[in-house]
Amino acid sequence: MIPSTLRKFCCLGLLLAVLALPAVSVLPGLSTAADQGASSNADPWEWAERDKWQRPEEVMNDLHLRAGSQVADVGCGDGYFTYHLAERVGPQGRVYAEDIRPDLIRGLWHQALNKWLVQVHPVLGEEDNPRLPRQRLDAVLLVHSYHEMRPHGALVKSFYRALRRGGLLGIIEFGAPESQPRDESYKRHRIPSSTVRGEITTQGFEFVKRQADFVVPGSTREQYFLLFQKPEE
Ligand SMILES: C[S@@+](CC[C@H](N)C(=O)[O-])C[C@H]1O[C@@H](n2cnc3c(N)ncnc32)[C@H](O)[C@@H]1O
């Protein structure tokens with residue numbers, strides 16, 4: 001057993017070390033759309049512009065998220081969705097922001113501490129293990145990250161384990177022709193919705209709905225949102 005005073009010193013040391021780190025450069029800025037102010041010729045992937053077509057409020061409504069909910073943003077990247085989720089669930093809720101890149105997770109720690117977002121819990125996962133709590137989450141969300149994940153079977157099982165009964169799994173991806181081989185999805189950054197649907201339902205999830213009207217300005221790529229549920233029984 002580590003004495004409690006020593007534990008407190010370790011935690012304080014970690015906190016100070018994290019606060020001393022510079023924010024990682026991949027973070028395009030942590031202000032929400034409201035802070036940033038959108039302009040018409042801006043990059044559609046800038047957060048304020050992205051809000052217009054990614055429609056995070058609708059996605060979070062579909063995931064039935066509210067104050068106090070517990071949710072995971074898997075493959076969270078620089079945290080675009082993490083901060084929307086944090087605002088929605090509030091300080092009584094919890095957002096597990098998971099990725100396999102230490103620089104991104106370090107950046108999230110830094111920003112979450114700076115902004116006193118006590119509900120954000122950055123998690124450095126492994127390729128085949130997102131290190132989520134068991135049977136606790138109300139929802140798991142993957143935005144443009146599922147296509148990159150392998151081994152996908154192990155990961156889908158881990159999402160199933162992490163969700164409570166009746167919990168929801170949302171996946172947003174760019175579409176691809178049904179004939180596209182699975183291996184292509186890793187390098188082309190797109191995946192047929194039928195492939196995702198098959199891989200998720202094979203692991204026991206029930207399909208709830210498919211929505212396909214997300215359009216990135218200036219792009220012809222189809223983007224879809226698939227919603228699944230862990231059975232109640
Ligand atoms: C294209 S980015 C999307 C980031 C973010 N979700 C967004 O929409 O802005 C894909 C992310 O998935 C992460 N990723 C890839 N394989 C992963 C795995 N096995 N487990 C967790 N994250 C993974 C990458 O490190 C990367 O940050």
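This note sets out numbered points on the fold, the ligand shell and a few individual residues of the structure.

1. Basis of the model. This is a predicted model: local features need pLDDT of at least 70, side-chain atom pairs count only at pLDDT 80 or more, and totals for chains, interfaces and linings use all residues. Residues are numbered from 1 along each chain as its sequence is written.

2. Overall content. The protein contains 9 helices and 7 strands; helices (H or I, at least four residues) and strands (E, at least two) are DSSP runs, numbered from the N terminus. Of its 233 residues, 37% count as buried. A residue is buried if 20 or more other C-beta atoms lie within 10 Å of its own, exposed if 12 or fewer, and partly exposed in between, with C-beta atoms placed from the backbone. Among contacts between residues at least 6 apart in sequence, 66% join residues at least 24 apart; two residues are in contact if their C-beta atoms, placed from the backbone, lie within 7 Å.

3. The sheet. An open sheet of mixed pairing is formed by 7 strands in the order β3-β2-β1-β4-β5-β7-β6, where two strands pair if DSSP finds at least two bridges between them. Its edge strands, β3 (120–124) and β6 (206–214), each pair on one side only. From one strand to the next, the twist averages 15°; axes are lines fitted to C-alpha atoms, for helices over the stretch in contact, and angles run from 0 to 180 degrees between N-to-C directions.

4. Strand β4 and its partners. In β4 (residues 137–143), 7 of the 7 residues are buried. The strand pairs with β1 (residues 70–74) in the parallel sense over 3 bridges, and Leu141 in β4 is the bridge partner of Asp73. Strand β5 (residues 163–174) runs parallel to β4 and is joined to it by 6 bridges; Leu137 has Leu163 in β5 as its bridge partner. Between β4 and β5 the chain passes through helix α7 (residues 152–162) in a right-handed β-α-β crossover, meaning that, with the strands pointing away from the viewer, the path from the first strand over the helix to the second runs clockwise.

5. Strands β5 and β7 (residues 223–229) run antiparallel and share 7 bridges, and Ile171 stands opposite Leu226 in β7. Helix α5 (residues 80–89) packs on the sheet, touching β1, β2 (94–99), β3 and β4, and its direction makes about 170° with that of β2. Helix α9 (residues 193–201) also packs on the sheet, where it touches β5, β6 and β7; its direction makes about 15° with that of β7.

6. The ligand shell. The ligand is surrounded by 18 residues, of which the closest are Gly75, Gly77, Val143, Ser145 and Glu148; a residue is near a molecule if its C-beta atom, placed from the backbone, lies within 6 Å of it. By class, the shell has 8 nonpolar, 5 polar and 5 charged residues. Ala, Val, Leu, Ile, Met, Phe, Trp, Tyr, Cys and Pro count as nonpolar, Asp, Glu, Lys and Arg as charged, and the others, Gly among them, as polar.

7. Backbone points to inspect. The loop between β4 and α7 holds Pro151, which is joined to Arg150 by a cis peptide bond with omega about 0°. His144 lies in the loop between β4 and α7 and has a positive phi of about 55° although it is not a glycine. His144 counts as partly exposed because it has 18 C-beta neighbours inside 10 Å.
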